[in-house]
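Here's a quick briefing for anyone meeting this structure for the first time. Have a look at it, then work through the points below.

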Amino acid sequence: MSLLPLPFTVHFDPTNQELLLSGKMRPESAAEITDALKLVQQSLEKYSGVVYVNVKRLTHINMTAFAALADILAASSRIRPERKIVIITSSVVAWSTSLFQTLAASQPSLSVEVYDSAFYPGQSFVEDETFIPILRTQTKMTWRHERELLPRHGLRSGLVIADICCGIGDFAALVQREFKPARLVALDHSVRSLEYARRVAADFDLQGIEYTYGDASQMLLRDNQFDFVTCRHSLQIFNRPEMLLRELYRICKPGGRVYITNEKNSHCLGEPHAESIKWTYEEVAKLFKHFDMDVEMGPKSRHLLADAGFDNIKVDSFMVTNLDGDPQDFADIIEAWENVYAGEMAVRRGDSSDFIRRFRQGFKDHVFAALHPKGYAGWPIWAASGRKPL
Ligand SMILES: C[S@@+](CC[C@H](N)C(=O)[O-])C[C@H]1O[C@@H](n2cnc3c(N)ncnc32)[C@H](O)[C@@H]1O
């Protein structure tokens with residue numbers, strides 16, 4: 001049994017007849033969440049009238065947990081059709097409303113209410129639409145490096161490829177255009193990002209990319225079907241990266257390769273004002289850790305791939321800098337980081353205004369370094385891949 005605290009909580013508030021589920025429910029089997037399920041069942045058995053099931057603060061749920069929860073809710077509605085169950089979801093966590101609405105459609109006493117104003121710590125930051133411009137510029141800057149590196153990691157034309165956690169789909173679009181795969185599936189669980197990706201593909205008249213909705217930690221994709229599986233900047237935002245890596249391994253063909261990119265944020269650098277920049281990015285790493293994300297993962301890639309069973313592991317690192325193309329592009333990325341990290345995440349963590357002022361200063365100094373005619377600003381990234389043994 002794990003001694004780690006569970007990454008989710010389930011609590012019943014009798015005053016409001018409300019079950020509150022929060023955090024990340026990603027069990028490997030329903031047995032892992034027995035206590036939570038028992039509490040849901042008992043609360044539903046005990047209370048009449050309306051019982052609220054509040055999932056506003058549930059940032060993740062995998063299919064194992066959802067299926068177990070859905071069974072209990074559906075069975076309880078069948079047994080006591082006069083008692084109403086209202087599921088409260090949030091529009092901020094894009095997947096939750098549609099998932100629970102499908103369930104509610106099957107039972108007349110179940111309904112869904114959507115709350116708009118809530119905002120949660122953690123992954124919702126990187127799924128928010130405000131992140132779209134950053135992702136686009138980031139991919140534009142990293143592509144210069146990755147286009148050169150990818151063939152070394154086994155990418156060539158004519159392969160069957162999956163890009164898991166594809167975000168707004170720009171990397172998939174670049175791969176489609178330059179590497180002409182036989183098939184390309186791009187999967188993400190952000191409905192808004194996928195809509196955006198499809199719109200961009202249509203605008204650019206790019207055909208053939210299969211943008212697919214799905215949970216990367218439990219994909220509905222068959223085993224052993226892709227020659228090349230990519231997962232960029234995403235393992236580092238999972239609280240259980242090994243679970244995601246297992247899925248990447250599963251869908252990869254024996255002899256095929258899985259390619260991952262991750263950062264080490266505390267090693268972002270710049271001159272002048274090196275000290276202030278260094279302090280801020282060390283704080284960035286701590287801030288993400290607070291929200292259960294490891295943006296220091298880059299150099300751990302070799303270890304992660306080896307533990308997941310890959311062989312022939314290759315690791316590269318590269319530095320995106322202000323000298324790659326237009327320095328303003330890099331400055332835009334840094335400003336967007338400042339907005340999300342200092343303007344939203346630090347505020348959610350409850351940081352003091354003094355801390356936030358100093359935290360912001362490091363980003364401003366990084367922008368200054370990026371735009372200064374003699375300045376230098378960098379952002380290090382690790383690109384690694386491993387082969388699934390034959
Ligand atoms: C930091 S973004 C990276 C996006 C893209 N790969 C890139 O490099 O620009 C992380 C992405 O992972 C997606 N994601 C997070 N958890 C997921 C899950 N359980 N299943 C599928 N996608 C997920 C998010 O929606 C987001 O698009």
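Y52 is partly exposed because its relative accessible area is 29%; here buried means under 20% relative accessible area, exposed means over 50% and partly exposed is what falls in between, with a 1.4 Å probe and protein chains only. You'll find Y52 in strand β3, residues 50-61; strands (E, at least two residues) and helices (H or I, at least four) are DSSP runs, numbered from the N terminus. This is a predicted model, where local features need pLDDT of at least 70, side-chain atom pairs count only at pLDDT 80 or more, and totals for chains, interfaces and linings use all residues. Residues are numbered from 1 along each chain as its sequence is written, and side-chain values use heavy atoms, with hydrogens and water left out.

**Layout and distances**

- The protein chain is assigned domain 1 (8-120) and domain 2 (125-387), with bounds that come from an automatic or database domain assignment.
- Between the C-alpha centres of domain 1 and domain 2 there are 32 Å.
- Y52 and A384 are 332 residues apart along the chain, and their C-alpha atoms are separated by 45 Å.
- D35 and V10 are 25 residues apart in sequence, with 9.1 Å from C-alpha to C-alpha.
- D35 itself belongs to helix α1 (residues 34-46), and it counts as exposed because its relative accessible area is 63%.

**Aromatic rings**

- There are 15 aromatic pairs in the structure; rings of Phe, Tyr and Trp (its six-membered ring) pair if their centres lie within 6.5 Å, and planes under 30 degrees apart count as stacked, over 60 as edge-to-face and the rest as tilted.
- One of them joins F288 and Y341 edge-to-face, at 5.1 Å centre to centre and 90° between the planes.
- That pair links distant parts of the chain, 53 residues apart: F288 is in helix α9 (residues 274-290) and Y341 is in helix α11 (residues 327-349).
- Both F288 and Y341 are buried.
- F288 and Y341 also belong to one aromatic cluster, along with W279, Y281, W337, F355, F359, F363 and W379.
- To count, NZ of Lys or CZ of Arg must be within 6 Å of the ring centre and within 35 degrees of the ring normal.
- Elsewhere, R232 lies over the face of F171, at 4.2 Å from the ring centre.

**Salt bridges**

- The structure holds 22 salt bridges, each a side-chain nitrogen of Lys or Arg within 4 Å of a carboxyl oxygen of Asp or Glu.
- R360 and E338 meet through their side chains in a salt bridge, at 2.7 Å from N to O.
- This pair also ties together distant parts of the chain, 22 residues apart, with R360 in helix α12 (residues 353-371) and E338 in helix α11.
- E338 is buried because its relative accessible area is 5%, whereas R360 counts as partly exposed at 25% relative accessibility.
- D294 and K300 form another salt bridge, their closest N and O atoms being 2.7 Å apart.
- D294 is partly exposed at 24% relative accessibility, and so is K300, with a relative accessible area of 39%.
- E28, E32, R240 and R246 are linked in a network of salt bridges.

- Most residues other than glycine have a negative phi, and most peptide bonds are trans.
- The peptide bond from E271 to P272 is cis, with omega near 0°, and P272 lies in the loop between β11 and α9.
- K180 isn't a glycine, yet its phi is positive, near 40°.
- K180 is in the loop between α6 (170-179) and β7 (183-188), and it counts as exposed at 52% relative accessibility.
- H233 has a positive phi as well, near 55°.
- H233 lies in the loop between β9 (226-232) and α8 (241-251) and is buried, with a relative accessible area of 15%.
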